[in-house]
Amino acid sequence: MTMGRPVLIGAAWALAAWPSALGAQALGGASSAPAPTQPVAAQDSNPTAPAGQPRARISPYVEVGQILNADLNSGDAVTYTTLAAGVNAQVQTARAQGQISYRYEHRIGWGDRAGSGDIHSGLARGSYRVTPELTIDGGALATRARADIRGAAPGVLVGNVGNISQVYTAYVGPSLTTNAGPVQIGANYRLGYTRAETPGYGGLAAGQPRLDYFSDSVNQVASVGATARPGAILPVGVSLNTAYNRDDAGQLSQRYEGWFVRGDVLKPISPYVALTAGVGYEKIESSQRDAKLDANGRPVFDDRGRFVTDPNGQRRIAYHTEGVYYDAGVIWRPNRRTSVEGHVGERYGSFSVTGRARYQASRSIVLQASLYDGVQTFGRQLNNGLSNLPTNFVETRDAFGQQFNGCVFSASGTTPGGCLNDVLQSVQTSVYRARGVDATMTVSQGRTTLGFGLGYSNRRLFAPDTAPGIIVYGAEDESYYAQIFLGKAFGPNSGLNVNGFVNYYASRLAGAEDVVSLGTTASYYRNFGRLGTTASVGLYHYSVGDLSNALSAQALVAARYQF
């Protein structure tokens, strides 16, 4: 739940939205910052809305297409027919801001080697201001993600791809901000749900033990804070915050609970620089039950490949920390366009560094970066990332990529958007400490939009070290990623989208191989009234150590009718 650190405005010191950087970093979670993993599909049309555009729109459509996928290693080729239906909708009013883009696609493979299947991809983000003090915020996501970080890394999802799981998540919650004299009071609550389907197997070395599969989880976050800016009560700004986090997962009845309380002070030392320090107390505990064992003492799995939980099994502690943590930092805001802050301290029994930066070079150029550190679960971190995505985003039209799996760029020009790679590098069942750095930038000039993203993510996994079937205790995985996209609208009815990406994944599990994936796609679209056409080409490569590699080319032609 992002709450934030103090914001400096010129020479006037204010804690306008404080605790605005205290949120995830101080009260129990790693922020979900920009971090692309798959190419961003650029817009279907000019992202700059013309004057007089309606504040609300809804555009349902149906689409039919033909895909050719050629294996450049073997020379084989397969074809698919795609049947799709979807809707794009948006509302922008004084009280409501939101957007939804959803697509259901059924692929029909031609030939024995071409598999058929259904694909759901969509993103919804919105907020509604009930009163000046009360706001309701929500979001939903449907996408596909790599299941096992050691396995195959299909980036162009055509053919019988393995190691992919369909993922769904949603959250909703109110946020209240009011004043009691010179003190600003804020309260937040969020309820979220996440589910992942059983993945297909692919890309693991022979004899590698498979990981347990995440099923679903329900998470809740509640927080209350009080803030007084410098001079309101004391010469320094002061803030007191409390929070409670809980995540209940279906796999092995896993449970995460976190209690947090923290106080902070802020001291301006110049018109543009302030020092800040905070101390808090936290208790975090994650536990799970044992898997049911067969007569030979081996874990029992259900028909979907997940552990069968022993209802009478012992509840074991996977992770526990309790005690005082602290940090100190510097905030620099020389003008309204630039904001930089950094914090160093002691947390989770070791050195911890967090920070963020934002630079709005002009109305059309914006850059942001984040350095994060927190103990997470898959469901909590995915909901955090979803809540950080914009309510006005660039709609995608990419039949080859994993839609909404990487960066989602803002269409408003006031933020570059956000990315989900820090959590979707693989679907992780265990509790983990997430650390990393991410940066994104967008440049919008007339009918042209450029997007850039890069980052690094590290996860240290926690599980009971004596639980049967569990192999991740103390292991780490990490990923590096970079991507670029270009969207060029030639007019109101045609345009070109180009995407490029590269990813590197590494796991410290025994016997795991490093994984590399890279690729590029290009799409040209042309609309004739309600009828639209698309032509796309793609080139993709991935390798899993010396075990396997793939090099493929794709081509697509499609026609869409918009109601």
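The report below takes these topics in turn.

## Basis

This is a predicted model, in which local features need pLDDT of at least 70, side-chain atom pairs count only at pLDDT 80 or more, and totals for chains, interfaces and linings use all residues. Residues are numbered from 1 along each chain as its sequence is written, and side-chain values use heavy atoms, with hydrogens and water left out.

## Overall make-up

The chain has 3 helices and 26 strands. Helices (H or I, at least four residues) and strands (E, at least two) are DSSP runs, numbered from the N terminus. Of the 563 residues, 53% are buried. Buried means under 20% relative accessible area, exposed over 50%, and partly exposed in between (1.4 Å probe, protein chains only).

Take contacts with a separation of 6 or more: 64% of them join residues 24 or more positions apart. A contact means heavy atoms within 4.5 Å.

## Disulfide

The whole structure contains 1 disulfide, defined as a pair of cysteine sulfur atoms within 2.5 Å. Cys407 and Cys419 form it, with their sulfur atoms 1.8 Å apart. Cys407 lies in strand 18 (residues 407–408) and Cys419 in strand 19 (residues 418–419), so the pair ties together parts 12 residues apart in sequence. The torsion about the S-S bond is about 90°, so the disulfide is right-handed. Both Cys407 and Cys419 are buried.

## Salt bridges

There are 16 salt bridges; each is a side-chain nitrogen of Lys or Arg within 4 Å of a carboxyl oxygen of Asp or Glu. One of them pairs Glu282 with Arg347, the closest N and O atoms being 2.7 Å apart. Glu282 sits in strand 13 and Arg347 in strand 15, so the bridge ties together parts 65 residues apart in sequence. Glu282 is buried at 2% relative accessibility, and Arg347 is buried at 5%.

Arg433 and Asp373 also meet in a salt bridge (2.8 Å, N to O). Strand 20 holds Arg433 and strand 17 holds Asp373, so this pair ties together parts 60 residues apart in sequence. Arg433 and Asp373 are both buried. Elsewhere, shared partners join Glu63, Arg103, Glu105, Arg107 and Arg560 into one salt-bridge network.

## Surface

The chain exposes about 22400 Å², 59% of it from carbon and sulfur atoms. Accessible areas come from the Shrake-Rupley method with a 1.4 Å probe; for residues, only the protein chains shown count as cover.

A nonpolar surface patch, including Tyr128, Ile136 and Val218, has about 600 Å² of accessible area together. Patches are made of residues with over 30% relative accessible area and no salt bridge: like charges are joined within 9 Å, nonpolar side chains (Val, Leu, Ile, Met, Phe, Trp, Tyr) within 5 Å. Strand 9 (residues 183–196) gives the largest share, 3 residues. Val218 lies in strand 10 (residues 216–228) and is partly exposed at 35% relative accessible area.
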